[in-house]
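Have the 3D view ready and follow along.

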Amino acid sequence: MITTVFVILRTFLQTGLFILAHDAMHGSLTPGQPSLNRRIGNYCLLAYAGLHFESCRLNHMQHHLQPESSDDPDYCEPDKAAILEWYAHFLSHYLEPKQFLKLTLLWFSLYLLMVNHHQQAMASLILFCVIPLILSSWQLFIVGIWLPHRPGDDTTDKHGARSLNLHPALSFAACYHFGYHFEHHQSPHTPWHQLAELRASNSVQSSRTQH
């Protein structure tokens with residue numbers, strides 16, 4: 001039970017690294033300080049999975065510029081929208097061979113540091129490093145890409161991005177409010193911790209319009 005809780009916590013914190021880097025991609029992590037913003041974002045992505053900040057930033061900007069099109073690196077065409085294919089398509093644009101090699105070398109280095117002091121070094125590495133990263137990638141994919149952009153009729157804007165109807169506390173637990181995806185597309189420079197407030201404001205404005 002304790003191990004399960006720890007893995008869940010590690011997964012959540014792992015995802016948090018990407019969320020911080022995501023805000024850095026939009027310049028909202030340290031507003032007015034682009035150099036610091038980029039530096040922190042780069043460190044977060046390196047710690048997350050050995051990813052390259054500028055490459056990820058360009059892909060993400062393309063997602064905002066050409067959402068749900070053949071030029072959107074996060075989107076999979078409807079005829080190829082099986083969840084596993086979409087997930088593989090998503091990963092292929094972010095986890096390049098060079099980054100995968102960096103990640104493998106990092107994990108191997110950690111193993112060498114642990115092996116002489118820990119009888120279950122490999123099991124611990126898999127349990128607390130590999131599995132949380134895999135779960136985190138699914139968390140980001142499901143909450144931030146597949147559910148908001150999957151084909152359907154209940155779209156809320158011209159790009160098809162929809163927000164998940166979650167209480168703010170559950171939205172935070174699900175993926176740092178990344179599921180409030182309409183709000184993110186509406187205002188990309190709004191940091192993750194203000195998306196719930198933006199969604200509440202939209203709801204109030206919508207109610208006033210209806211009345």
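## Starting at Tyr87

Leaving out residues up to four places away in sequence, Tyr87 touches Ile134, Ser137, Trp138 and Phe141. Touching, or contact, here means heavy atoms within 4.5 Å. Tyr87 sits in helix H4, and helices here are DSSP runs of H or I with at least four residues, while strands are runs of E with at least two, both numbered from the N terminus. Tyr87 is buried, at a relative accessible area of 12%. The cut-offs: buried is under 20% relative accessible area, exposed is over 50%, and partly exposed is in between, using a 1.4 Å probe and protein chains only. Along the chain, Tyr87 and Glu77 are ten residues apart, and their C-alpha atoms are separated by 12 Å.

A quick word on the ground rules. This is a predicted model, where local features need pLDDT of at least 70 and side-chain atom pairs count only at pLDDT 80 or more, while totals for chains, interfaces and linings use all residues. Residues are numbered from 1 along each chain as its sequence is written, and side-chain values use heavy atoms, with hydrogens and water left out.

## Rings that pair up

How many aromatic pairs does the structure hold? There are 14 aromatic pairs. To pair, rings of Phe, Tyr and Trp (its six-membered ring) need centres within 6.5 Å; planes under 30 degrees apart count as stacked, over 60 as edge-to-face, and the rest as tilted. Take Phe12 and Phe172: their ring centres are 5.3 Å apart and their planes sit at 80°, so this pair is edge-to-face. Because Phe12 lies in helix H1 (residues 2-25) and Phe172 in helix H7 (residues 168-175), the pair ties together parts that are 160 residues apart in sequence. Phe12 is buried at 18% relative accessible area, whereas Phe172 is partly exposed at 33%.

Our friend Tyr87 belongs to a cluster too: ring pairs link it with Tyr75, Trp86, Phe90, Tyr94, Trp138 and Phe141.

## The largest pocket

On a 1 Å grid over the protein atoms alone, a pocket is an open set of points with protein on both sides within 12 Å along at least five of seven lines, a cavity is a set of points where a 1.4 Å probe fits but cannot get out, and lining residues have an atom within 4 Å of a point. Grid points are joined across faces, edges and corners, and a volume is the space filled by probe spheres set on the points.

The largest pocket holds about 310 Å³ of space. Of its 17 lining residues, Ala49, Leu91, Leu95, Leu133 and Ser137 lie nearest the centre. Helices H2 (34-49), H4 (83-92), H5 (97-115) and H6 (121-149) each supply at least two residues of that lining, and H6 gives the largest share, with five. By class, the lining has 16 nonpolar residues, one polar and no charged. In this scheme Ala, Val, Leu, Ile, Met, Phe, Trp, Tyr, Cys and Pro are nonpolar, Asp, Glu, Lys and Arg are charged, and the others, Gly among them, are polar.

The largest cavity holds about 120 Å³. Its lining includes Phe18, His22, Cys56, Asp74, Phe90, Tyr94 and Phe178. H1, helix H3 (53-65) and H6 each give at least two residues to this lining, which by class has eight nonpolar, three polar and one charged residues.

The second largest cavity holds about 40 Å³. Among the residues lining it are Ile19, His22, Asp23, Phe178, His184 and Trp192. Its largest share, three residues, comes from H1.

Where is Asn37 found? In helix H2. Asn37 is buried at 4% relative accessible area, and its side chain reaches the backbone oxygen of Ala24 at 2.5 Å.

His64, in helix H3, counts as buried at 16% relative accessibility. The side chains of His64 and His26 make a polar contact at 3.4 Å. Leaving aside neighbours within four places in sequence, His64 is in contact with His26, His184, His185 and Pro188.

Key: A polar contact is a pair of N or O atoms within 3.5 Å; within protein, one must be able to donate a hydrogen and the other to accept it, and residues adjacent in sequence count only if both atoms are side-chain atoms.
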